[in-house]
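Please look over the model below. My notes follow as numbered points.

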Amino acid sequence: MGTIDLSTIKGIIFDLDGVIYDVGPSIRKAVQDGVEKYKMKVDLDNALQEVAHLLEDVQNYPLPQIILNSYTLLKDASFFKGLSYFKKMRIVVFLFNQFNEYRKSAKLFEGIDGLLSSLSKKVKLAVLTNNKSTYAEEILDKYNISKYFDVIIGFNDVNENKPSPEGILKILNKWNVKNNNAVFIGDMTSDILAGKAANVKVVSVATGLAKKNALVELNPDVLIDEPKELKTVFNI
Ligand SMILES: [Mg+2]
């Protein structure tokens, strides 16, 4: 746990998937479908974390680049151990399609609207996602919460995705806010790494796709289990 003194903070940057938008169940269902369809024997917790990372990576690239990078993308995933390259590709495409279908019915995390409304009266808010910025805008508009954010940065706005600090630094620069007056909130290990590299305060939300001990190891300033605990973290 831990808290952050909001009077020292001028800007808060939110990751989208896994912090504002609850895509966890969509990834879980996609993985379950994959395990069933391809009769895979895997540890579901490991598989979820790996597939979550993989989907974050894959959705950033146009198809030719996915194919070019596929060897590197797939080589470390124990989920695919022992399978041929073509089978791995077939499974990834299947998972990606299933995920995109399920994601259409994903919801905001409980209490997010109220939290953003309170915070936006005190500090500047931004979204930083490894997804396309238009994807973020679409979701924020759908739930009528784009009004709380004055900056939205996606992979198309930076040269390097998280774990690079580039996106965070770009937002701070735009705001003219110093790193010790800023917070980044994310759900994956790459978010903690990006926040640390940018030297901002880091809140990690263990919403279930990253393994909690992997997050603990990276020593974020604050670690919580659910986004609704952010109210307590900022004492609002
Ligand atoms: Mg995320």
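Which residues of helix α5 (residues 112–120) are buried?

1. **Helix α5.** The buried residues here are Ile112, Leu115, Leu116, Ser117 and Leu119. Buried means under 20% relative accessible area, exposed means over 50%, and partly exposed lies in between (1.4 Å probe, protein chains only). The cover over these α5 residues includes β1, β4 (124–128) and α10 (230–233). Contact means heavy atoms within 4.5 Å. Helices (H or I, at least four residues) and strands (E, at least two) are DSSP runs, numbered from the N terminus.

2. **Basis.** This is a predicted model: local features need pLDDT of at least 70, side-chain atom pairs count only at pLDDT 80 or more, and totals for chains, interfaces and linings use all residues. Residues are numbered from 1 along each chain as its sequence is written, and side-chain values use heavy atoms, with hydrogens and water left out.

3. **Magnesium site.** Asp15 (OD), Asp17 (O) and Asp187 (OD) coordinate the magnesium ion at 2.1 to 2.2 Å. Along the chain, the donors follow the spacing D-x1-D-x169-D. Asp15 and Asp187 link distant parts of the chain, 172 residues apart. Asp15 sits in the loop between β1 (11–14) and β2 (21–22). Asp187 sits in the loop between β6 (182–186) and α8 (189–197). Asp15 is buried, at 2% relative accessibility. Asp187 is buried too, at 3%. Donors are N, O and S atoms within 2.8 Å of the metal (3.2 Å for Na, K and Ca); water is not among the atoms, so sites may look incomplete.

4. **Aromatic pairs.** Rings of Phe, Tyr and Trp (its six-membered ring) pair if their centres lie within 6.5 Å; planes under 30 degrees apart count as stacked, over 60 as edge-to-face and the rest as tilted. The count is 4 aromatic pairs. One is Tyr21 with Tyr143: the centres are 6.3 Å apart and the planes stand at 55 degrees, so this pair is tilted. Tyr21 lies in strand β2 and Tyr143 in the loop between α6 (133–142) and β5 (151–153), so the pair ties together parts 122 residues apart in sequence. Tyr21 is buried, at 2%. Tyr143 is partly exposed, at 23%.

5. **Tyr85 and Phe86.** These two form an edge-to-face pair, 5.3 Å centre to centre, with 80 degrees between the planes. Tyr85 is partly exposed at 31% relative accessibility. Phe86 is exposed, at 61%.

6. **Leu73.** This residue belongs to helix α3 (residues 63–75). Leu73 is buried, with a relative accessible area of 16%. The C-alpha atoms of Leu73 and Val222 are separated by 30 Å, and the two residues are 149 apart along the chain.
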